[in-house]
Structures are given as structure tokens and as C-alpha cells.
Amino acid sequence: MGWAILAFRTFWKTDEKEAFALPYALNDKIRELTPYEPISGAFQIRLDANESYLSLPEPVLAEIRARLEKLDFNRYPDPIGGELCRAFAGYYGIDPKFVTAGNGSDELISILANAFLMKGDAMLTVAPDFSMYQFYASISEIDCVVLDKGPELSIDVDELIRKAVETGAKMILFSNPCNPTSLGLSRKQVRKLIRSVDSLVVLDEAYMDFWDQSLLSEVEDYENLIILRTSSKAIGCAAIRLGFAVANERLSNALRAIKSPYNVNSFTQMAGTVLFQHKELLERARRQIICQRESLYDALLSVQKEFPGKYKLWKPETNFVFIKPEAPEDARRIFEFLLKNQIAIRCMGNYLRITAGSPEENAELIKLWRLWFAEEEKNHENG
Ligand SMILES: *Cc1c(COP(=O)(O)O)cnc(C)c1O
């Protein structure tokens, strides 16, 4: 068949100037893919992507501006981002030799799936969790085993261990605290997991700045632990694409060897360095976001009391709240109602995820949230 097509093409080409081209066939793993599409359009209030609602403090901006003037735009970046990794390590009180920088933690997830696993190896993750895990696994032709969290959305560590052993998983990857459930697994539980399996445990601590159960200071104690962190959430710098992997020296060396040499550009290295050197400003921002998370959660709880049983919500350890409306179709209806009113949140199947915004943004959201349930009640009473 291939030969016949080739012969036909050759024959055709000699006859015609315009070559007859067979459509190029995309392979099975990418044929059905479409580009990632965040909510598009200019909505006044964006509570859909778990970003920080704060803009960079003026002293940080001023220093970035000053250093920008001196940036060597004609030169390649520092391949290991030494100054950046030292600033990051300084902020978190860890040893810089355990730190590898990435072009967002997204890039690091992709590298891990690609290089730490062989085609056909099993990777264990949980659901619901960050969708990129399963995506990168499929691109790397990894066999993805998914443990379902069940209706309470909690991870049963013993079951996870059993599953890892049973499937011979080479890697276990999950977020803690979790996006999208907003729930966390205690340090003690995670330690138990790491000690009980042969698998590499990749712990995505993208939201750990909002909780206090990090294992960052313990990476040296484990042969099989890699922790991912990001500048996109509490650090308030999603725009510069900057993430980190923290692991013992052996794993860190492997990571640096497989990443592309200039994965973090010079501007990002500089801006990230400046940011992490402003410890007090970062701390203040972190506290402000946690405060808004608490007030958003409290407000949603009080509306819940006004409309009992209309939705379930979980006490969050992150900068967002995860909600399950009583009627499955209501998730999408509420989402669309808010969007019509210039507020973007995330709709994920029968669940909603709302990022904590500024006090004004949260107040506007709560006003419309209450309005939606009040209207529903009225419509229901009227028949
Ligand atoms: C937002 C997020 C990240 C961060 O990705 P970046 O590429 O660093 O912006 C990683 N993991 C989870 C679970 C997230 O929600």
C-alpha cells in the first residue's frame, strides 16, 4: 500500500508541476488535541485561574526596572539560574543545591513525565486533581493509573500505597494542597506515603504557601521525593512563567541534566531574584491573600445558611474555594449567570472553583451569588 502511494506520487509529480500532496497524518496521541483555552474575553472580575489578585509592590517594580536597564539581552541566560535559585532557597530557608528552576512548574511536570519514566511505565495520580498530569503522561505514552478520591474528595493514603505497589507505579504525582478540591494531606500522611513506596513521589506544592504542611525542608531525607513550587500563585507572578523543583542532590542533578539548557529566560531570572529577595513584601501578600480566602469562605458559608442544602463547600487550604451545587446542572447555570455579570470563575463538571479576589471583587461575587439563589427560590415558589 505504502509502495503504491509512493509510486503514484512519483508518477504524478513528473506529470504535473503542482505536486499532489497526501495530507500529513498527525499521530494518534495528538490528533484529537486542541490548544488550551482559558476563559477568553475581558471580564471585569477574574476569579478563574487562582492567580494572586495583588499587583507587584512598587519597591519590587522599581528594582526590576533598574535591573532591566543592565540586562544583557544579547547573551544567553545562566543555564542553572544560580542567583535566582539562591534567592528562592533563601526565601524558603533551604539549600540552593536542592533547587532547579523551570519555565513554570508546568515545564517541570512535562520534563518529569518525559524523562523520569519510560514509555509504557505506570504513573499513579488521583482524581480530581490538576488536569495537566494526565495530559503530559499521555503525550509521553505513560500508562496513567488514576485513583478516584470519592465523594468526600479526600485521599486515602493506605489505598494510594496499595495501588502504587499493585501497579508497580514508577511515579506518584499529585497536588498538595489540591487544585481543584482545595483540600490538603497532612505532612504525616505524605511522609508515610513516601516511605512506603519504591516510586518517585512528585509532590506539587503549588498552593503550599497558603498552608503549613510543606515538606520542603525534608527533601534531603528522601531518595524518592521531588517537590514542585511555583511563582504563579502566592508569589503573584504568573506572567513571568517560573517554577521550581526541589529534591536531593542526585535527583536535582538528573533534572538539570535533562531540562533544556536555557529554559528560564534572563528577564524571568532577574525578576524572580528581585521578588524572592523581598521577603517581607511576599509575606505580607501571602497573608493578605489568606485573609481574603477566609473571608470568601465565610461569606459563602453564610449564604449557605440562608439557602440550606443548596450547595456543599469544603474548608480550603488554598487561595480558592471548591463548591458543589446540589443540582448537577446548576454548576454550569451559575457559571454562566456570573459570566453574564462580568465575573469569571471556573466550572468543572458539576463543581465550581472560585479564586479569592480583592475585598471588592469578593463582595461583588457574593452579591451576585446570593442573588442567584434568591431568584431560584422565588421562581420555585411561583411554580
Ligand atoms: C497553577 C498550578 C501550577 C503552576 O503552574 P505554573 O506553570 O508554574 O504556572 C502547578 N500545579 C498546580 C496544581 C497548579 O494549580
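I count helices and strands as DSSP runs, numbered from the N terminus, with at least four residues (H or I) for a helix and at least two (E) for a strand. I note at the outset that the model before me is predicted.

**Entry: the annotated domain**

I consulted UniProt, where an unreviewed entry carries the annotation "domain: Aminotransferase class I/classII large" for residues 44–366. I then looked up the composition of the chain over residues 44–366 and found 41% helix and 18% strand.

**Entry: the surroundings of the ligand**

I asked where the ligand is placed, and found that the space it takes is the largest pocket. The shell around the ligand has 14 residues, of which Asp-204, Thr-230, Ser-232, Lys-233 and Arg-241 come nearest. By class, I recorded six polar, four charged and four nonpolar residues in this shell. Which element gives the largest share of the shell? I found that helix 5 (residues 104–115) does, with three residues.

**Entry: polar atoms at the ligand**

I next looked up side-chain atoms facing the ligand's oxygen and nitrogen atoms. For Asp-204, an N or O atom of the side chain is 2.6 Å from a nitrogen atom of the ligand. For Tyr-207, a side-chain N or O atom is 2.7 Å from an oxygen atom of the ligand. Asn-179 has a polar side-chain atom 2.7 Å from a ligand oxygen atom. I then looked up how much of the ligand is covered: the protein buries 93% of the 390 Å² that the ligand exposes when taken alone.

**Entry: backbone exceptions**

Asn-179, already noted at the ligand, is joined to Pro-180 by a cis peptide bond with omega near 20°. I located Pro-180 in the loop between strand 5 (171–175) and helix 8 (187–196). A cis bond also joins Ala-127 and Pro-128, with omega about 0°. Pro-128 belongs to the loop between strand 3 (122–127) and helix 6 (132–139).

Where does Asn-50 lie? I found Asn-50 in the loop between strand 1 (45–46) and helix 3 (58–68). Its phi is positive, near 60°, although Asn-50 is not a glycine.

How values were computed
Residues are numbered from 1 along each chain as its sequence is written. This is a predicted model: local features need pLDDT of at least 70, side-chain atom pairs count only at pLDDT 80 or more; totals for chains, interfaces and linings use all residues. Side-chain values use heavy atoms; hydrogens and water are left out. A residue is near a molecule or strand if one of its heavy atoms lies within 4 Å of it. A polar contact is a pair of N or O atoms within 3.5 Å; within protein, one must be able to donate a hydrogen and the other to accept it, and residues adjacent in sequence count only if both atoms are side-chain atoms. Accessible areas come from the Shrake-Rupley method with a 1.4 Å probe; for residues, only the protein chains shown count as cover. On a 1 Å grid over the protein atoms alone, a cavity is a set of points where a 1.4 Å probe fits but cannot get out, and a pocket is an open set with protein on both sides within 12 Å along at least five of seven lines; lining residues have an atom within 4 Å of a point. A molecule sits in a cavity or pocket if more than half of its atoms lie within 2 Å of its grid points. Ala, Val, Leu, Ile, Met, Phe, Trp, Tyr, Cys and Pro count as nonpolar, Asp, Glu, Lys and Arg as charged, and the others, Gly among them, as polar. UniProt positions are given in the numbering used here, feature names are shortened, and annotations may be inferred rather than shown by experiment.
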